[in-house]
Amino acid sequence: MAMNNKLACYSDPADHYSHRVRLVLAEKGVDAQIIDVDPQRCPPQLAEVNPYASVPTFVDRDLALYESTVIMEYLEERYPHPALLPVYPVARANTRLLVHRIQRDWCRLVDQIGERRVAEAAKVQARKELRESLTGVSPVFADKPYFLSEELSLVDCCLLPILWRLPSLGIELPRAAKPLLDYMERNFVREAFQVSLSDVERRMR
């Protein structure tokens with residue numbers, strides 16, 4: 001299916017890690033076959049290329065990558081235009097650090113809220129923590145069009161899928177988060193962001 005010299009991305013249409021990869025593909029205009037996967041029912045083709053049978057998994061001929069940050073970095077190197085990482089090493093390192101912080105601080109909470117086996121009290125606490133953390137960081141979005149940057153970067157590609165899901169996570173940001181709300185409004189209408197959305201994600205808002 002994916003081995004015909006064709007790029008393929010195995011993707012969970014509801015998953016924010018899959019969404020970030022689809023967003024990078026869309027931003028770079030890479031024509032890859034998006035293969036929707038139910039994470040509870042792994043297709044045989046996915047198990048053949050990924051020993052963990054996890055999504056997202058990206059296949060480029062004989063190469064199969066199956067960790068979202070690794071996939072994004074590969075796409076950045078393989079398709080350098082438009083650039084989603086800064087040119088200079090210090091700035092690139094800072095961008096990677098921001099991706100790591102989003103992963104550690106916010107993705108963890110999103111995953112906790114969406115995990116069926118987590119107790120409801122823990123989900124309530126995770127929602128509160130995520131809402132307060134996003135509201136607290138909101139002022140940094142007042143100065144630049146993107147997250148601490150004049151240009152869209154991999155940081156935005158990790159953050160925007162989370163922000164898109166806030167209503168479905170049961171989180172409403174307060175008016176005090178206006179700079180962040182404005183950032184969301186600007187970027188959700190971008191053509192590439194709209195292209196990146198699955199049908200499931202479109203129904204989240």
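H81 is placed in the loop between α3 and α4. Helices here are DSSP runs of H or I with at least four residues, strands are runs of E with at least two, and both are numbered from the N terminus. H81 is exposed, at a relative accessible area of 68%. Exposed means over 50% relative accessible area, buried means under 20%, and partly exposed covers what lies in between, with a 1.4 Å probe and protein chains only. H81 and G29 are 52 residues apart in sequence, and their C-alpha atoms are 9.2 Å apart in space. A cis peptide bond joins H81 to P82, with omega about -10 degrees. P82 also belongs to the loop between α3 and α4.

The model is predicted, so local features need pLDDT of at least 70 and side-chain atom pairs count only at pLDDT 80 or more, whereas totals for chains, interfaces and linings use all residues. Residues are numbered from 1 along each chain as its sequence is written, and side-chain values use heavy atoms, with hydrogens and water left out.

The chain holds 10 helices and 4 strands. From the N terminus on, the order of elements is β-α-β-α-β-β-α-α-α-α-α-α-α-α. The radius of gyration, taken over C-alpha atoms, is 17 Å; a compact globule of 205 residues would have a value near 17 Å, which agrees. The globule rule is 2.2 Å times the number of residues to the power 0.38. Along its principal axes the C-alpha trace spans about 50 × 45 × 30 Å.

Buried residues make up 46% of the 205 residues. Contact means heavy atoms within 4.5 Å. Among contacts with a separation of 6 or more, 68% join residues 24 or more positions apart. The accessible surface comes to about 10,900 Å², and carbon and sulfur atoms account for 52% of that surface. Accessible areas come from the Shrake-Rupley method with a 1.4 Å probe. The chain carries 27 positive and 29 negative side chains. Lys and Arg count as positive, Asp and Glu as negative, while His and the chain ends are not counted. The centres of the two sets lie 3 Å apart. Each charge is placed at NZ of Lys, CZ of Arg, CG of Asp or CD of Glu.

Helix α3 spans residues 68–78. Its buried residues are S68, I71, M72, Y74, L75 and E76. The elements that cover these buried residues include α1, β3, β4 and α6. The loop between α3 and α4 also holds Y88. Y88 is exposed, at 62% relative accessibility. Y88 and E172 lie 84 residues apart in sequence and 37 Å apart in space, C-alpha to C-alpha.

A search of the whole structure finds 8 aromatic pairs. The rings of Y52 and Y66 have centres 5.7 Å apart and planes at 65 degrees, so this pair is edge-to-face. Rings of Phe, Tyr and Trp (its six-membered ring) pair if their centres lie within 6.5 Å; planes under 30 degrees apart count as stacked, over 60 as edge-to-face and the rest as tilted. The pair links distant parts of the chain, 14 residues apart. Y52 sits in the loop between α2 and β3, and Y66 in the loop between β4 and α3. Y52 is exposed, with a relative accessible area of 63%. Y66 is partly exposed at 31% relative accessibility.

W164 and F188 form an edge-to-face pair, with 5.0 Å from centre to centre and 90 degrees between the planes. W164 lies in helix α6 and F188 in helix α8, so the pair ties together parts that are 24 residues apart in sequence. W164 is buried at 8% relative accessibility. F188 is buried at 7%. Ring pairs also link W106, F141, F147 and Y183 into a cluster.

Helix α9, residues 191–196, includes S196. S196 is buried, at 3% relative accessibility. Leaving aside neighbours within four places in sequence, S196 is in contact with H19, R22, L23, A26 and E201.

The peptide bond from V55 to P56 is cis, with omega near 0 degrees. P56 lies in the loop between α2 and β3. A53 is found in the loop between α2 and β3. Phi of A53 is near 50 degrees, a positive value in a residue other than glycine. A53 is partly exposed, at 30% relative accessibility. R61 lies in the loop between β3 and β4. R61 is not a glycine, yet its phi is positive, about 55 degrees. R61 is partly exposed, with a relative accessible area of 40%.
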